[in-house]
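Good morning, and thank you for making the time.

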Amino acid sequence: MNEKPVIRQPIVAVLGHVDHGKTLFLDRIRGTSVAAREAGAITQHVGATEVPVETIKKICAPLLELFKIDVKLSGLLFIDTPGHEAFTNLRRRGGALADLAALIVDINEGFMPQTLESLSILKSYKTPFMLVANKIDRIPGWQPVPNACFLESIVKQKPGVKQVLDDKIYELVGKLHELGFGSERFDRISDFKNQVSIVPASAKTGEGIQEVLTVLFGLAQRFLEDQLRIEVSGLAKGTVLEVKEDVGLGKTLDVIIYDGALKRGDEFAVGGLDKVINSKVRAILKPKPLDEIRDPEDKFKTVDRVSAAAGVKIAAPNLEGAIAGAPFHVIREAADSEKVWSEMQEELGRIRIVSGVNGVVLKADALGSLEAIEGQLKASNIPIRFADVGDVSKRDIVEAATVAKNEPLLGVILAFGVDVLPDAKSAAQQENLHIIENNVIYRLIESYEEWAKLKREETRTKRLEGYARAAKIVVKPGYIFRRSGPAIVGVDVLGGVLKPKATLIKSDGKEVGKVKEIQKDKKAVTEAKLGDELAVSIEGGIIGRNFEGGDVLYTEIPRNHVLALKRDLKDMLTGDELAVLDEIISIKQREDSTYGKM
């Protein structure tokens, strides 16, 4: 006989903009400090934290009574999702898993790009949500009441501070209205089903945290009861959050179980890169309540059985090749395994890139991060030749080296949270190929952009070396050291860049000769710039015949050079060189009106 259906605890996604306080919000509830340990202080992977009903009753007892909430749920399972704008797809996985969401917004900054992205995700999944107006402690004049209810804290504030808070709340209300959501401060709401609850809070001081938990609990119980009803004996389904190597356990899976029940000894199928992986649960390790599966401070406890919704660590043999983001299903027969593989192939086919075009090579540690970085690169119009999950291999070096020969700015490997295999390191050194590694997505992208900028400047500088440069000099009267063969004269550089081998012309366009050598302080130099005083030898120049002391001379710029300088390399030229170039164009156009024109 089947067991009676039960109401599982809801999965709550914590979403929002970078630095608006998502992880700190959960830290306040947990009493830990995960945020301080995060790489780059930004959440890089989706983590899971279980808040049991006993904790909620303890923290929120007065409010549960005030709002007449009859407690039925066993707790709340929070998923802390990355907040940077590059992480849309990781959040999407969080959104897809979530029954309910808490959208964290800095009340002082308001809606930011990631806030809007989060709302888009929630809207697409039709996920009900509440809004936490965080950082009320930063409102000028706010007097903190640590760990107090917001309703208790607000009455102790000065009228002017209350007004500022109300103004900021209604800015959020107005923005939500523009986006198609009705909303109101939680204690003024008349229809919780059709209005978004806004709870002012401070993750730093703890103010308002009681109201946040109470509103989430109340919404779940009132509107999600049917959705949360599951067969306790049903086969477990879940999503792999991370694949880890744990001391004493070997490869393990961090999994969110969102349906059914998982037992020790269950056979399961999980998605891998090249095949579906079938294995058997050797141990189920569950974090202590209020701890986090991604970064536990205390050891896990071993359990024989766990029901949805739960975040667990699963130890099992033969997990090589399993990847984060993959589906996890308990199976009874081979056909069930094939369903998982079909689902996995569809996901991989959507995310993997094998394009053959000139583009960067991308390797990441999980499907979510791979997809997120791909999205960021595409948004920046950076083409991708190859993208996959896994360590950097020799094959990746070969792919990137092929690109480097044609497109130096794209001949690079981006490695997120993965190792570079020894033979790949050797091959990269031989090919002089750059590998950019980082475990923070936005920093990986920034590092590439910085590298590409330097590489571009290096390439353009080399290219600029092949072009004639615009220069303007004046021959100093009284500084005629030799009249001809070659003429040697003292000059002042009035603008631009003078180099040896440059052909010199007068202001009427007539040729004088070619610069043989430039000396400054009796030493030969390769170039001279605005303000330099020099001795210049000029092949073909004859004082008294084709130029005189006091003459202003310009460098001759070939027609094809002037077009490239004006069109492609203009930003590499100084203002004085551009001005001299314009003067040269005017001189040349007296003879040829098309000179210097596209």
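I begin with a definition: a contact here means heavy atoms within 4.5 Å. On that basis, residues 24 or more positions apart account for 71% of the contacts in the protein with a separation of 6 or more.

A word on provenance: this is a predicted model, in which local features need pLDDT of at least 70 and side-chain atom pairs count only at pLDDT 80 or more, while totals for chains, interfaces and linings use all residues. Residues are numbered from 1 along each chain as its sequence is written, and side-chain values use heavy atoms, with hydrogens and water left out.

The protein has 16 helices and 32 strands, these being DSSP runs numbered from the N terminus (helices H or I, at least four residues; strands E, at least two). The radius of gyration, taken over C-alpha atoms, is 34 Å, well over the 25 Å that the globule rule (2.2 Å times the number of residues to the power 0.38) gives for 598 residues, so the protein is more spread out than a compact globule. Along its principal axes, the C-alpha trace spans about 115 × 65 × 40 Å.

Now to the sheet, where two strands pair if DSSP finds at least two bridges between them. Five strands form an open sheet with mixed pairing, in the order β20-β22-β21-β23-β24, and its edge strands, β20 (353-354) and β24 (434-438), each pair on one side only. Strand β23 (residues 412-416) runs parallel to β24, joined by five bridges, and Val 412 stands opposite His 434 in β24.
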